[in-house]
Amino acid sequence: MKPVLTPEEAATLDRDTLARGVAAEVLMERAGRAVARAARELAGGAYGRRAVVVCGKGNNGGDGLVAARQLARWGVRTTVVLLEDPEALREPAATNARRLGEVPGIRVRTFHQGVLKRELARADVAVDAIFGTGFRGMPEDDWAAAIATLNGASAPIVAVDIPSGVNGATGAVDGEAVRAELTVTFGAVKLGAVLMPGAEHAGVVRVVDIGFPDDLVSARAWLTEPSDVASWLPRRDTDTHKRASGVLVVVAGSRGMTGAARLIALAAGRIGTGLVTVAAPEGAMPQIQAGLTEPIFLPLPETSEGTVAAEAVAPLLERLGSADALAIGPGLTTNEATVAFVRDTVRRSPVPLVLDADGLNAFTGDGVALQDRQAEAVLTPHVGEFARLTGVKARDLDADRPTHVRALAEQTGAVTLLKGSRTVIAQPGGQLFVNVTGSPALATAGTGDVLTGMIGGLLARGTPPPESAAAAAYLHGLAGVFAGRDLGEGALAGDVLGRVPEALALVEGA
């Protein structure tokens with residue numbers, strides 16, 4: 001897994017590295033040179049090229065000053081535009097401002113929007129060194145004008161560490177923010193550059209080594225990589241049998257919603273689960289069974305509305321006695337009796353479970369009740385379900401996903417997966433997985449059911465809940481990419497399901 005740093009963790013890394021005897025000016029020199037190499041690459045070389053480096057204060061601006069000096073040494077005609085009085089710069093940025101005079105031909109300009117616009121009009125590349133990872137809030141005045149002018153130019157932009165205007169802790173963008181083609185970051189990727197909408201502003205993120213000791217890189221968030229997923233996937237022994245490959249019970253569906261149960265069951269099978277039992281209202285069973293040849297079935301008592309009845313808990317618990325995991329929720333509805341069934345089942349389940357959709361809605365406004373369980377659990381809300389469960393408004397959730405997801409995981413004692421174009425998975429205790437696979441093809445009905453089946457299947461096969469959630473999210477995202485590649489916006493949940501084997505093959509061959 002790749003570590004992902006918050007601004008506070010990045011600042012601690014800086015301080016601890018200095019305490020090890022690595023000088024700040026050495027780190028700044030290495031960082032600036034890495035930015036210069038990236039800028040030269042985007043410009044298509046050095047000969048006859050022009051660069052504009054826009055510098056704020058602090059170390060971010062200092063990195064930009066080093067980059068400008070190096071670009072000029074390579075023969076790039078370089079203009080530095082300063083948003084801060086050079087006399088106000090702190091060390092080591094102040095020294096690097098003075099060192100600009102070491103290289104003939106560097107032009108230094110004080111920021112004026114018209115000046116920056118003219119310089120950018122003839123530039124082959126621009127460097128954004130305005131704000132660092134510690135930025136919060138909304139850029140104002142000259143700072144906002146500089147960012148808007150950079151974005152309005154045709155030259156590609158290299159951002160230093162994180163695009164200016166992006167919140168380094170959350171990825172939030174509250175005002176103007178640089179839209180970079182490439183972000184050069186140091187030591188480890190920053191959380192704000194992988195979460196939306198910051199990730200859209202960062203472009204390609206390139207992590208470079210500038211000399212931070214490996215043992216000092218400490219993070220509570222991690223990017224899931226193919227090798228991680230491959231290591232988490234269980235393997236079947238040569239002489240195995242179906243029950244040894246995991247037994248999953250799926251509780252889903254109602255009279256008017258029969259598709260979810262089928263998608264969950266098939267997704268669990270595609271992830272390698274040996275045996276799947278589909279439990280659903282007895283009246284919905286004929287429709288659910290149609291086209292399903294692999295699972296076995298458990299008809300449950302139903303309400304007059306065709307939903308699972310409260311008295312279905314007993315026969316379900318009997319079946320769970322010989323199962324390895326439970327997937328429950330999609331399509332169950334919020335019928336009062338069904339809600340009572342869900343809450344009792346979650347409380348008494350003897351096996352790990354994944355709770356989704358109406359399973360989560362059964363705990364609307366009462367998320368703390370999810371603490372009362374015998375078994376481990378994975379919660380998989382989308383933004384709306386999260387809001388109903390916790391009372392956190394959607395706009396507040398989007399402003400700081402890591403904090404709110406961690407809070408729910410801590411409150412419930414359950415692994416919590418918040419769906420989205422950057423899926424965030426929190427464990428109780430604060431550790432976070434960030435998943436970057438995915439596609440707009442996943443924005444269609446039923447794809448969440450596929451994810452539920454994949455998580456449930458991995459739980460049934462013995463993968464621990466955090467890794468089940470992270471691995472399933474990664475593979476589900478890849479399957480969405482493949483479905484979108486082949487079918488575009490016409491891709492359906494079944495198409496995503498059909499590409500799970502391709503996603504598995506890619507990960508296992510990585």
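Predicted model: local features only at pLDDT ≥ 70, side-chain atom pairs only at ≥ 80, totals over all residues.
Trainee: What makes a run of residues a helix or a strand here?

Mentor: Both are DSSP runs numbered from the N terminus: a helix is H or I with at least four residues, a strand is E with at least two. On that count, the chain has 20 helices and 19 strands. Its C-alpha atoms fill a box of roughly 85 × 45 × 45 Å along the principal axes, and buried residues make up 57% of the 510 residues.

Trainee: Why is β11 called largely enclosed?

Mentor: Five of its five residues are buried, so the rest of the structure largely encloses β11. Val-247, Val-249 and Val-251 point one way, Leu-248 and Val-250 the other, and all of them are buried. In a regular strand, side chains alternate between the two faces of the sheet.

Trainee: How do you know that β11 and β12 pair?

Mentor: Two strands pair if DSSP finds at least two bridges between them. Five bridges join β11 (residues 247-251) to β12 (residues 275-281), and the two run parallel. Val-247 sits opposite Leu-275 in β12, while Val-250 has Val-278 of β12 as its bridge partner.

Trainee: Where do those strands sit in the sheet of 12 strands?

Mentor: The order of this open sheet is β8-β1-β10-β19-β18-β17-β16-β15-β14-β11-β12-β13, with mixed pairing. β8 (189-190) and β13 (296-300) are called edge strands, as each pairs on one side only.

Trainee: What makes a space a pocket or a cavity?

Mentor: Picture a 1 Å grid over the protein atoms alone: a cavity is a set of points where a 1.4 Å probe fits but cannot get out, whereas a pocket is an open set with protein on both sides within 12 Å along at least five of seven lines. A residue counts as lining if it has an atom within 4 Å of a point. Grid points are joined across faces, edges and corners, and the volume is the space filled by probe spheres set on the points.

Trainee: What volume does the largest pocket have, and which residues lie nearest its centre?

Mentor: The volume is about 920 Å³. Among its 32 lining residues, Asp-14, Gly-58, Asn-59, Asn-60 and Thr-133 lie nearest the centre. Two or more lining residues come from each of α1 (7-19), α2 (24-43) and α3 (58-73), with α1 giving the most, six.

Trainee: How many of the pocket's lining residues are nonpolar, polar and charged?

Mentor: Ala, Val, Leu, Ile, Met, Phe, Trp, Tyr, Cys and Pro count as nonpolar, Asp, Glu, Lys and Arg as charged, and the others, Gly among them, as polar. The pocket lining divides into 19 nonpolar, six polar and seven charged residues.

Trainee: How many cavities of 30 Å³ or more are there?

Mentor: There is one. The largest cavity holds about 40 Å³ of space, and its lining has three nonpolar, one polar and four charged residues.

Trainee: How do you know that the span of α17 agrees with what a helix should have?

Mentor: The expected span is 1.5 Å times one less than the number of residues. The 14 residues of α17 (residues 447-460) should therefore span 20 Å, and the end C-alpha atoms are 20 Å apart, which agrees. As for cover, 13 of those 14 residues are buried.

Trainee: Why is Thr-345 called buried?

Mentor: Its relative accessible area is 0%, so Thr-345 is buried. Thr-345 lies in α12 (residues 336-348). Contact means heavy atoms within 4.5 Å; leaving out residues up to four places away in sequence, Thr-345 touches Val-313, Leu-316, Leu-326 and Ile-328.

Trainee: What makes Asp-161 stand out?

Mentor: Asp-161 has a positive phi of about 75° although it is not a glycine. Most residues other than glycine have a negative phi, and most peptide bonds are trans. Asp-161 lies in the loop between β6 (157-160) and β7 (182-186), and at 13% relative accessibility it counts as buried.

Trainee: And what about the peptide bond from Glu-91 to Pro-92?

Mentor: That bond is cis, with omega near 0°. Pro-92 sits in the loop between β3 and α4 (93-98).

Definitions and conventions. Residues numbered from 1 in each chain as written. Heavy atoms only, no water. Buried < 20%, exposed > 50% of the residue type's maximum accessible area, 1.4 Å probe, protein only.
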